[in-house]
Amino acid sequence: MMTSPATHAISLNPATGETLSTLAWATADDVNQAVALADTGYRQWKKTAVAERADALRKVGNVLRQHAEEMAQMISREIGKPIIQARGEVTKSASLCDWYAEHGPAMLSTEATQVENNKAVIEYRPLGPIMAVMPWNFPLWQVLRGAVPILLAGNSYLLKHAPNVMGSAKLIGDIFTEAGIPAGVFGWVNATNDGVSQMINDPRIAAVTLTGSMRAGKAIGAQAGAALKKCVLELGGSDPFIVLNDADIDEAVKAAVMGRYQNTGQVCAAAKRFIVEAGIADAFTEKFVAAAAKLKMGNPQDEQNYLGPMARYDLRDELHDQVTATLEEGATLLLGGEKISGKGNYYAATVLGNVTPKMTAFRQEMFGPVAAVTVARDADHALALANDSDFGLSATVYTADETQAQRFADELECGGVFINGYSASDARVAFGGVKKSGFGRELSHFGLHEFCNVQTVWKDRH
């Protein structure tokens with residue numbers, strides 16, 4: 001008998017519908033104990049030398065590699081991610097540990113300044129326990145890309161993960177423990193929304209980070225602001241993928257398919273609105289639809305399948321409602337547009353044509369395997385269409401003209417611009433958005449410094 005969602009978080013296999021696990025929601029006492037442990041862990045961890053922290057995080061990466069297949073299988077079972085993509089997520093996450101362990105300590109070094117007596121410096125100090133609300137779509141990468149720099153800086157990290165990936169949350173915690181990270185330095189708690197509010201308002205929590213929906217961002221941001229606590233918000237997007245007349249169409253199509261349909265389209269920084277200049281619109285669209293139609297969908301454990309099920313049935317229903325609304329608004333169905341019958345919450349690879357800025361698929365984030373194609377009159381119109389969005393996470397531009405590409409990069413309203421390549425995240429470069437895609441940055445030295453007290457130390461100033 002299934003345990004009531006009112007009392008337990010439930011993880012379902014999205015490919016079969018079977019229950020994988022249930023876990024009781026944390027009580028107020030449980031949350032209090034988790035925060036207390038995070039506070040104790042922080043007070044010990046901050047006294048550890050940066051080099052020692054780096055060595056410990058490098059070991060986390062090594063232990064993760066030892067459990068790589070177990071982790072990938074867990075991700076694939078819990079959210080339906082095709083197994084090859086799940087393995088890629090694990091490899092990328094382990095490499096992030098290595099990169100910060102090697103390069104992070106220098107980013108935390110004392111910085112000299114040029115004041116008149118040459119005795120002022122900038123120091124990077126930790127803030128305290130950081131509470132993180134993380135999503136299910138990259139259940140390992142999303143956690144580590146925040147946790148690793150947060151911990152390297154000397155903070156502790158308390159995770160509230162999405163309720164459908166409790167197996168992943170537990171395994172991540174076990175990996176940190178096996179790597180020798182002290183108790184409380186990395187922790188997780190199966191908190192409800194009330195539990196999250198409790199943590200935000202607890203004076204021991206220093207700051208908050210969230211990756212999630214715009215609705216969640218508004219709620220978390222409002223509470224953090226009321227508590228006078230810093231927060232970093234990554235809230236998804238509706239990224240434009242711009243193809244100009246002089247682009248290499250075949251290369252653009254390859255990138256478009258990867259950029260839209262990886263992780264079954266459930267990616268924040270991913271191509272969603274395809275804005276194609278009129279001169280090549282028909283040729284691009286024909287090839288794009290043909291390529292998307294060839295993608296194999298099915299059991300995520302089968303290495304031949306590029307598309308798996310969507311993570312939850314309610315998300316599939318919501319996506320289908322968006323597709324239906326867009327078609328009723330006058331768009332053309334070029335491919336897919338239907339739920340796949342049978343077990344599992346599969347949704348067909350879908351392409352919508354003749355999408356205009358007033359339509360649902362243009363205005364809202366489509367979090368699933370659906371592409372919306374809009375034709376631009378010219379390059380200036382393409383740029384205007386790209387910026388005609390509440391979101392501003394990333395954007396792609398395909399063009400052979402370097403001057404034109406730089407002009408687009410200068411004028412696109414987003415956190416990342418990818419020229420002749422689709423959106424991605426990488427430890428070496430900053431990641432984050434503008435407008436309603438959130439604020440703050442993860443990764444690179446920017447992500448490392450987000451949760452530092454940037455302290456000025458000035459001696460002998462008279």
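Is Asp174 buried, partly exposed or exposed? With a relative accessible area of 36%, Asp174 counts as partly exposed, where buried means under 20% relative accessible area, exposed over 50%, and partly exposed in between (1.4 Å probe, protein chains only). This is a predicted model, in which local features need pLDDT of at least 70 and side-chain atom pairs count only at pLDDT 80 or more, while totals for chains, interfaces and linings use all residues. Residues are numbered from 1 along each chain as its sequence is written, and side-chain values use heavy atoms, with hydrogens and water left out.

Asp174 forms a salt bridge with Lys170 at 3.0 Å, N to O, the term denoting a side-chain nitrogen of Lys or Arg within 4 Å of a carboxyl oxygen of Asp or Glu. Because they are four residues apart in helix α6 (residues 166-178), Asp174 and Lys170 are separated by about one helical turn; helices (H or I, at least four residues) and strands (E, at least two) are DSSP runs, numbered from the N terminus. Lys170 is partly exposed, at 45%.

The structure holds 22 salt bridges in total. Another of them joins Lys119 to Asp460, with the closest N and O atoms 2.8 Å apart. This pair connects distant parts of the chain, 341 residues apart: Lys119 sits in the loop between β3 (111-112) and β4 (120-126), and Asp460 in the segment after β18 (452-458). Lys119 is partly exposed at 40% relative accessibility, and Asp460 is partly exposed at 46%.
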